[in-house]
Amino acid sequence: MTGTSITITPNPHRIRVMLGGTIVAETTRALTLREGAMPPVLYIPREDAEMDLFARTAHRTHCPHKGDASYFSLTAGGVERANAVWSYEDPFPTVAAIKDHLAFYPGKVDAIEEFKD
């Protein structure tokens, strides 16, 4: 798909990601990435995630617009989810803002909560 429009904007709200009743990430510094007609994706800085709950996997994917994605399994509260999290560790320059950020598959975590308070 040539001409896919990607926008990355700071999300003004507090974002919390839960798995197994445990907060695995919480931030007020999330980025919202919008790509074409796809649903928006929240990217959370790694510093705002409980990285001891994450385990890198061998899974990789390639996006022609963002680059190569690495994946992590997530274990919290006795629940394990394989490849629940992805990250672009060396993204293309046009999406450099998502470097050192994590994105979560909504169906592989209990909740991705957005607090607008």
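Predicted model: local features only at pLDDT ≥ 70, side-chain atom pairs only at ≥ 80, totals over all residues.
Strands here are DSSP runs of E with at least two residues, numbered from the N terminus. Residues are numbered from 1 along each chain, and side-chain values use heavy atoms, with hydrogens and water left out.

Let me start with the pocket, meaning an open set of points on a 1 Å grid over the protein atoms alone, where a 1.4 Å probe fits and protein lies on both sides within 12 Å along at least five of seven lines; lining residues have an atom within 4 Å of a point. The lining of the largest pocket takes at least two residues from each of β4 (31–35), β5 and β6 (54–63), and β5 gives the largest share, four residues. Of the 22 lining residues, Met38, Val41, Tyr43, Lys66 and Trp86 lie nearest the centre.

Now to the aromatic pairs, that is, rings of Phe, Tyr and Trp (its six-membered ring) with centres within 6.5 Å, called stacked when the planes are under 30 degrees apart, edge-to-face when over 60, and tilted otherwise. The whole structure has four of them. Phe54 and Phe72 make an edge-to-face pair, at 6.4 Å centre to centre and 80° between the planes. Phe54 belongs to β6 and Phe72 to β7, so this pair ties together parts 18 residues apart in sequence. Phe54 also pairs edge-to-face with Phe104, with centres 6.1 Å apart and planes at 65°. Finally, Tyr43, Trp86 and Tyr105 form one aromatic cluster.
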